[in-house]
Amino acid sequence: MDRTRVQAVTQFTLEDDVNLPESKPDIAALNLEKGEILIDEIKPGTDSVTVRGRFVFVVLYHTLEEGSNLVVLEGKIPFEEKINIQGVVPADAVTVEGETEDITIGMINSRKLNIQTLITMKARVEELYDEEAPIGIHGDEKMEYRRMPLNLAQIAICKNDIFRLKEEVALPSNYPNIFQILWNHISLGDVEFKVMEEKITISGDIHLFILYEGEGEDHPCRSFETTLPFSGVLECHGCREGMLPDIRYHLGQQELTVRPDFDGEERNIGLELVLDIAIRIYEEEKLEIISDIYGVSREISTVTHKASLRRLLSRVTGKTKVTDHIHVTGGTVLQLLHSEGCVALEQQSTVENGILLQGSVLVKVMYITGEDESPYGSAQARIPYQYTLEVPDIAPEDMGEVHAEVEQLQATMLDGEEMDVKVVLSFSTVVFQNVPVDLISQVNISELDGSKMSALPGMVIYMVKEGDNLWNIGKKYYVPVDTLRELNGLDGDELKTGQKLLIVKGN
């Protein structure tokens, strides 16, 4: 079995004033900005974990000095944050995920910027553990026991892996050679994993956008956007077709380089990407466990413990569409360049026959303004959504981890100051049904209590009450179930309220 033993979420604001390096020209106007969290160290303590990392930001700005009009500034703000998480010990392997929200970059003056962002961090400790269940009885002791059939899902493979992608794309012939790349955005879409014999196949699309300065005296700015399909194989010992995959990925390290083509001209773009992949593969198993025991010639008692086993309830996917208008301030939009979105799942709860999902999608649109001092700009909006992912027969304790992603995003201009945004969100999850059981962990055998046995009649006509069955009647009188059937000429185990049973106590 696998489980999340403890988890915690924290938010904090990171802010700093950043001076431009001497090699960078003065800022006339800010055009675009982006940032991400990189975690360098995770140090567990007692009931807390210390996280060290960096907020890495990129700013594209316009300068009035001679040379290139557009300048890229890259920087970082280090941080150290303590997350309180009850139950953590120094030996634990803690996983921490960090996300940025509401990045704000403002000019203090032409040589100094103020950087602010809200960071959300999620820390958790996952563990594997065994749950032991009795499936048979050995020995000469005369006893009665009954079995309970179960369809269960146990984890077969639990590991983290990486998948490296290397691709190269050439610019169309009508585009100028690349002098320098000013801006880029890389994302993945339609990623699919399939479990095969001893391997996992992966396929999907790479979405690439670049804004670059071309070669030439006036360094013309051009944007280029394309989609590249990819596929590959991950070796995975022990997996086979028919197993249940629950595989998540995160786009980690990204490297983008300009490469010469066969003629030696800077027209090719090389991509090297690393996907961090969390692999959880489950296996369905049918088994029968010993659910109860009683003695016939001696007293038998059991020690049980409560366990939560699970079976596969459903693998489900769903889609929803959200729309909104984005109003642009501080300039007129001449042309849209690029749009991108990031979905946040902020709350999920179980409702009748489904999982209610609530969150928001952050949409960012890049555009051309036509203004000399600030030729490029961006607008963004956080669009809320609410969607119920249909899961028939789900119970509150049957929660699955929902994966959300932006499947489609389209932005169109309504006029020079307002644009229409349409987003299709897709959701997927594997839901396991909780199976609470009392598992026998110990059997104690002792001599029968003489006074208790003498109080039981040697022969009795028993009147069946509501809720009775052959098992609990036999257990009460220390008589095997088969003996009750034979004495009363029963073919099965069904009893009717008011039915009379002959019971003869054994020796």
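A residue counts as buried when its relative accessible area is under 20%, as exposed when that area is over 50%, and as partly exposed in between (1.4 Å probe, protein chains only). Keep that scale in mind as we walk through this predicted model, in which local features need pLDDT of at least 70, side-chain atom pairs count only at pLDDT 80 or more, and totals for chains, interfaces and linings use all residues. Residues are numbered from 1 along each chain as its sequence is written, and side-chain values use heavy atoms, leaving out hydrogens and water.

Let's start with Glu198. Because its relative accessibility is 36%, Glu198 counts as partly exposed. You will find Glu198 in the loop between β8 (178-196) and β9 (199-214); strands such as these are DSSP runs (E, at least two residues), numbered from the N terminus. Together with Glu197, Glu235 and Glu241, Glu198 forms a negative surface patch. Patches are made of residues with over 30% relative accessible area and no salt bridge, and like charges are joined within 9 Å. Asp and Glu count as negative here, and the charge of Glu is placed at CD.

Now look inside. A nonpolar core is a set of buried Ala, Val, Leu, Ile, Met, Phe, Trp, Tyr and Cys residues joined through side-chain atoms within 4.5 Å. The largest one has 34 residues, and Leu188, Ile200, Ile206, Leu275, Ile277 and Ile281 touch the most other members. At least two residues of this core come from each of β7 (143-170), β8, β9, β10 (221-235), β11 (244-260) and β12 (266-295). The largest share, seven residues, is supplied by β12. In soluble globular proteins, nonpolar side chains tend to be buried together.

Charged side chains can also pair up. A salt bridge is a side-chain nitrogen of Lys or Arg within 4 Å of a carboxyl oxygen of Asp or Glu, and by this rule the count comes to 23. Arg259 is partly exposed, because its relative accessible area is 25%. Glu168, at 42%, counts as partly exposed, and so does Glu272, at 30%.

Elsewhere, Arg3, Arg5, Asp92 and Glu127 are linked in a network of salt bridges.

Key
Patch = residues over 30% accessible without salt bridge, like charges linked within 9 Å, V, L, I, M, F, W, Y side chains within 5 Å. Areas by Shrake-Rupley, 256 points an atom, 1.4 Å probe, with all protein chains shown as cover. Helix = DSSP H or I, 4+ residues; strand = E, 2+ residues; numbered from the N terminus.
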